[in-house]
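Please read them alongside the model.

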Amino acid sequence: MFSLIISIIFLIVGYFTYGKFVERIFGPDDRKTPAYTEGDGVDFVPLKLWKSYLIQLLNIAGTGPIFGALMGACFGPIVFVWIVVGCIFGGAVHDYMTGMISLRHKGASIAQLSGIYFSNAYKWVMRIFAVVLLILVGTVFVTSPAALLGIITPDFLNENFWIIVIFIYYFMATLLPIDKLIGRLYPIFGSVLIIMTIAILGGCFVEYNIAIPEISFTNMHPDGLPIWPFMFVTVACGAISGFHATQSPMISKCLEKEKQGRKVFYGAMISEGIIALAWAAAGVCFYESTGGLYEALSQFGQSATVYDISMGMLGPVGGVLAIIGVVFCPITSGDTAFRSARLILAETFNLRQSALKHRLIIATLLFLISGLLSLLDFDILWRYFSWANQTLAMLALAVFTTYLLTKKNKWLSLVTAIPCAFMGAVTFTYILMAPEGFRLDALFAYPAGIMFAIVIFTYYLYYLRKELKHDA
């Protein structure tokens with residue numbers, strides 16, 4: 001139990017200390033935000049602080065911090081360490097920088113920012129990468145809630161029925177102004193999500209506290225899957241996620257003040273870390289071991305395992321509430337994934353989004369592609385999503401590092417350069433070893449991944465030295 005409590009405390013302290021440090025590096029001021037300077041009544045709409053925070057939290061907290069945390073918990077309590085360290089020094093910094101730099105550039109997407117701070121070629125790489133990732137996210141977050149709804153509703157309301165219903169909702173949420181549907185529903189969904197997390201934590205502490213494992217760096221994965229790099233890719237949204245780089249610019253269009261950024265962007269990521277900790281702990285303590293959890297995930301799948309934990313740990317009433325929260329999580333990330341894809345494509349082809357026909361053309365294309373992808377196996381989609389997700393995080397951190405090199409104290413760019421190099425090692429090693437990658441032996445993949453990180457950091461130091469000379 002101590003490991004879970006101390007992990008939550010570290011996340012909260014990290015928000016008030018490292019989060020404040022990162023905020024000072026960026027330096028928010030009192031200038032007018034894009035919500036006012038670019039207002040169009042569709043995407044650029046000023047929202048109250050609490051609404052911006054809840055929308056950001058729900059955008060980024062899909063099934064990632066739930067399914068990813070459960071699968072990551074199979075490696076043992078070392079997953080707590082990655083969630084805490086990754087969240088404070090990686091994910092929250094990543095999300096804050098995305099949102100705030102976008103805010104300074106009229107709500108520009110991560111792809112557009114790449115063109116400003118890197119090159120036109122890098123911008124196109126990021127555009128393609130981001131749109132592909134967003135379509136994968138939207139598709140994954142159709143199938144996972146539909147599967148869970150198919151379990152808890154009558155037989156005639158099967159998974160296929162819920163896929164159609166969710167697609168219809170996504171289409172409406174993608175087209176309508178942000179304050180009309182998302183702005184009205186998300187406060188309700190957000191409240192359920194927060195209550196769900198508290199209920200799961202309460203179930204861990206009240207009935208299962210003895211079974212919560214203490215911190216250990218031993219690999220407890222029943223299949224012997226190596227911690228490096230697999231755990232760091234499996235637990236994405238609960239620690240660091242490139243998907244968030246596509247979501248923060250959407251909310252940067254809605255902030256009333258720059259100084260709200262730490263609460264909205266950094267704070268939402270810390271909250272997601274707590275959600276991930278809750279489910280990682282719940283999975284291991286409910287099944288009493290990593291082996292029991294792994295067996296449940298292998299036999300029943302992620303959705304049914306969440307159902308089993310929720311009902312078994314909290315009873316019918318609490319379990320249904322938790323399940324509703326788990327259903328809302330992916331749906332509220334899926335709709336904004338398609339919305340973000342629409343915004344990136346509109347930015348690419350210079351299509352004014354105040355015109356409904358422009359929104360309709362892009363949305364129709366996106367949903368046709370997603371409909372075809374939904375026919376694929378969920379596990380295959382999740383694996384490709386996970387790798388693409390972490391690779392986008394690395395690419396985004398490189399953009400933020402370049403931005404920070406324009407600041408007066410250029411050494412502060414280390415706050416993004418270090419996690420960028422680290423994620424470079426993770427993603428390069430993973431694609432060399434993974435079943436969906438090159439399936440190479442660790443004896444080759446490990447040193448290759450380390451060398452890749454060294455190359456990234458060496459290039460950064462060269463660029464830093466050049467910038468310092470320029471200022472001298």
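Is the crossing of H12 and H13 left-handed or right-handed?

1. The crossing of H12 and H13 is right-handed. By definition, that means the near helix is turned clockwise from the far one by less than a right angle. Helices here are DSSP runs (H or I, at least four residues), numbered from the N terminus.

2. This is a predicted model, where local features need pLDDT of at least 70, side-chain atom pairs count only at pLDDT 80 or more, and totals for chains, interfaces and linings use all residues. Residues are numbered from 1 along each chain as its sequence is written, and side-chain values use heavy atoms, without hydrogens or water.

3. H12 packs with helix H13 (residues 261-287) at an angle of about 135°, and their axes lie 11 Å apart. Axes are lines fitted to C-alpha atoms over the stretch in contact, and angles run from 0 to 180 degrees between N-to-C directions.

4. From H12, His244, Ser248, Ile251 and Ser252 meet Val264, Phe265, Met269 and Glu272 of H13. Contact means heavy atoms within 4.5 Å.

5. The second largest pocket has a volume of about 500 Å³. A pocket is an open set of 1 Å grid points where a 1.4 Å probe fits, with protein on both sides within 12 Å along at least five of seven lines; lining residues have an atom within 4 Å of a point. The volume is the space filled by probe spheres set on the points, which are joined across faces, edges and corners.

6. Of the 24 lining residues, Phe44, Lys106, Lys253, Leu343 and Glu347 are closest to the pocket's centre. H14 gives the largest share of the lining, five residues.

Terms used. Helix = DSSP H or I, 4+ residues; strand = E, 2+ residues; numbered from the N terminus.
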